[in-house]
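This report looks at a few backbone features and at one helix. The structure comes first, and the notes follow.

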Amino acid sequence: MSSISSYSYPKTEIAVIERMLGHKELRPNARMNEKLGPMTDSITTLHRRILTRRQFFGANAVGIGTAALATLLNDRPAHAATANGMAGLPELPHSAAKAKRVIYLFMNGAPSHVDLFDYKPLLQQLHGQPVPQEYVAGKRFSTMTGTPDGKLMLAPMEPYQQYGDSGAWVSRVMPNTATIVDDVCFIKSMHTTQVNHAPAITFFLTGSEMPGRPSMGAWLTYGLGSECDNLPAFTVMTSIGKGTTCGQIFYDFYWGSGFLPTRYQGVKFRAGGDPVLYLKSPDGITGSTRRELLDDLAQLNHWHYEQLGDPEIVTRISQYEMAYKMQASVPELTDFSDEPAHILEMYGPAVHERGTFAYNCLMARRLAERGVRFIQLMHAGWDNHNTITSELYVQGRDTDQPSAALVQDLKQRGMLDDTLVIWGGEFGRTPFLQGKMDDRPRWGRDHNPYAFTLWMAGGGIKPGITYGASDELGMSVAENPVHVHDFQATILHLLGVDHERLTYKFQGRRFRLTDIHGNVVREVLA
């Protein structure tokens, strides 16, 4: 057994390192240290780095061989390589998929269902009266409300009207969504266990209120792999309403990979500067030099993976390669000059401004066209505790037209049939007022986890229906309840995945997105 101090790289590895350092462009100097940063440091110190604990065990095999180490990490073998290093599990899909991809329009802050889609005539009649005790007894609300006793009922901000052949009720706040109701399934009986934003969003996106679990996009990428060889399988874009005072924080764990290898986490496209960081080659580095450098790094990393069985090495290999391909694919993706004027007009004037929800919706369609499997858009500004008379309209203006345009655009291209579009937040809002009745500019509604609405379109969803119902005030579910885990199970089912069988062993237990819960809501399936 060799000691730590005596370990050295094989001659073949040293030869690769020397070849890498032989490029004039890559010889270390102050200028290149500044330009290449961590990459130069990793190259020039690779042959003399100190072994980590994991490397020591891998190199010296002190009771733990590579196969055993891989077993400790997870009992599944590493995925087979594809053009972009992202194959799915061999046993998936479990059944015929209706959807190939998901576009999730997540509304951070919780849109008010009783002001948008869940029409309650009794709410109008009881405006200004104390909330009936039987509707709130035993319920827990945020600390901003405390006890709901004596809170006054608040009528919807705008009138409702029925639209389409389905006769769906939609508020005047969302006139464009009203035009697509016959393509949409409204679920009006959603409920959750979480009453605060971050835990509730985490619960929706990862199946657990505590950070650390893989997000839905990561699970699907792990299970199904990618159909795209030059863009990530899981992408994320964020936006926030202009001038809003109630934006929510976008935590990275909303699109993280948790205990899955990090190659499955979402890749965020930024609103400003380079859409994705670190894609451009530094000054003085030619394309051919970059290609040779990556090939040599890949060879070194493959050797290290064979020695250590660490899945993060596979992530490093695949992400280097993906970044190289994205140098060409991302500029083409973000160039809207090939979009006809009438398409740009569909999404609204904000489509020309990077970082807006409208821009992100058009980007989502372009990503979907290129085979990206899970596209997660997150828009903040719906947390209307004391701004519902103003910011409800701001959020409607920002999201209504682009959301409807996305559905219409996908439909006219024949893509809606196999693209699942989801619109909704982490919970709903209370039918009673938060604030004082005589101070209208500061009217608001508190968090309501007991009933809320979201809508889905395409991808195997039955169009033009409403499923479930809340009570007469929109306070609690009254008919066909749909829990967050049921919602997640249904999404996976539409992509051909059995939520009970897509698992990953971690710390001695098999985890899944839906934990130990969830039932597919078959009534909403086409």
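A residue is called buried under 20% relative accessible area, exposed over 50%, and partly exposed in between, with a 1.4 Å probe and protein chains only. The model is predicted: local features need pLDDT of at least 70, side-chain atom pairs count only at pLDDT 80 or more, and totals for chains, interfaces and linings use all residues. Residues are numbered from 1 along each chain as its sequence is written, and side-chain values use heavy atoms, with hydrogens and water left out. Helices (H or I, at least four residues) and strands (E, at least two) are DSSP runs, numbered from the N terminus.

Most residues other than glycine have a negative phi, and most peptide bonds are trans. The bond from L92 to P93, however, is cis, with omega near 0°. P93 sits in the loop that runs between α5 (66-73) and β1 (101-108).

Helix α9 covers residues 197-206; 8 of its 10 residues are buried, so the helix is largely enclosed by the rest of the structure. The buried residues are H197, A200, I201, T202, F203, F204, L205 and T206. Just after α9 comes G207, with a positive phi of about 85°.
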